[in-house]
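Colleague: I have a model open on my screen and would like to learn how to read it. Could you take me through it feature by feature?

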Amino acid sequence: MKDTIHNTIAVELDINSYSYCLYWQDKDGNNSEFICVVHGFENAIRVANGIAHEQVEFVIHPCSA
């Protein structure tokens, strides 16, 4: 079994519900694991940064809502 190191949190827009999904990812953007759904762009960025604090190296997200 391969150990996956998640060092990124990705914020992605869910087109169907216009909410944002947060995912753990490895350094290449692969091996995504769902974290949660957040409503509102600014809320999603705040939640991602809060989860990332001292846990991951990067938070990636769209540049705007």
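Predicted model: local features only at pLDDT ≥ 70, side-chain atom pairs only at ≥ 80, totals over all residues.

Colleague: How many bridges join strand 1 to strand 2?

Modeller: Helices (H or I, at least four residues) and strands (E, at least two) are DSSP runs, numbered from the N terminus. Two strands pair if DSSP finds at least two bridges between them. Here strand 1 and strand 2 run antiparallel, joined by 7 bridges. Glutamate 12, for example, has cysteine 21 of strand 2 as its bridge partner.

Colleague: And over how many bridges do strand 2 and strand 3 pair?

Modeller: Strand 3 covers residues 33-38, and its antiparallel pairing with strand 2 runs over 5 bridges.

Colleague: Why is strand 2 largely enclosed by the rest of the structure?

Modeller: Buried means under 20% relative accessible area, exposed over 50%, and partly exposed in between (1.4 Å probe, protein chains only). Strand 2 is largely enclosed because 6 of its 7 residues are buried. Glutamine 25 lies in this strand, and its relative accessibility of 6% means that it counts as buried.

Colleague: Is tryptophan 24 buried, exposed or partly exposed?

Modeller: Tryptophan 24, which lies in strand 2 (residues 19-25), has a relative accessible area of 21%, so it is partly exposed. Contact means heavy atoms within 4.5 Å. Not counting residues up to four places away in sequence, tryptophan 24 touches several residues, among them His6, Ile35, Ile51 and Val56. Its C-alpha atom is separated by 6.8 Å from that of isoleucine 35, 11 residues apart along the chain.

Colleague: What does the side chain of histidine 6 reach?

Modeller: A polar contact is a pair of N or O atoms within 3.5 Å; within protein, one must be able to donate a hydrogen and the other to accept it, and residues adjacent in sequence count only if both atoms are side-chain atoms. The histidine 6 side chain reaches the backbone oxygen of asparagine 31 at 2.9 Å. Histidine 6 sits in the segment before strand 1. Leaving aside neighbours within four places in sequence, its contacts include Trp24, Gln25 and Val56.

Colleague: Which residue in the hairpin turn has a positive phi?

Modeller: That is tyrosine 18, with a phi of about 55°, in the turn of the hairpin that strand 1 and strand 2 form with 4 residues between them. At 64% relative accessibility, tyrosine 18 counts as exposed. Glutamate 54, a residue other than glycine, also has a positive phi, near 60°. Glutamate 54 is found in the loop between helix 1 (41-52) and strand 4 (58-60), and its relative accessible area of 75% makes it exposed.

Colleague: Which residues make the nonpolar surface patch?

Modeller: Leu13, Ile15 and Tyr18 make a patch of about 340 Å². Patches are made of residues with over 30% relative accessible area and no salt bridge: like charges are joined within 9 Å, nonpolar side chains (Val, Leu, Ile, Met, Phe, Trp, Tyr) within 5 Å. A salt bridge is a side-chain nitrogen of Lys or Arg within 4 Å of a carboxyl oxygen of Asp or Glu. Accessible areas come from the Shrake-Rupley method with a 1.4 Å probe; for residues, only the protein chains shown count as cover. Isoleucine 15 lies in the loop between strand 1 and strand 2 and counts as exposed at 54% relative accessibility.

Terms used:
Residues numbered from 1 in each chain as written. Heavy atoms only, no water.
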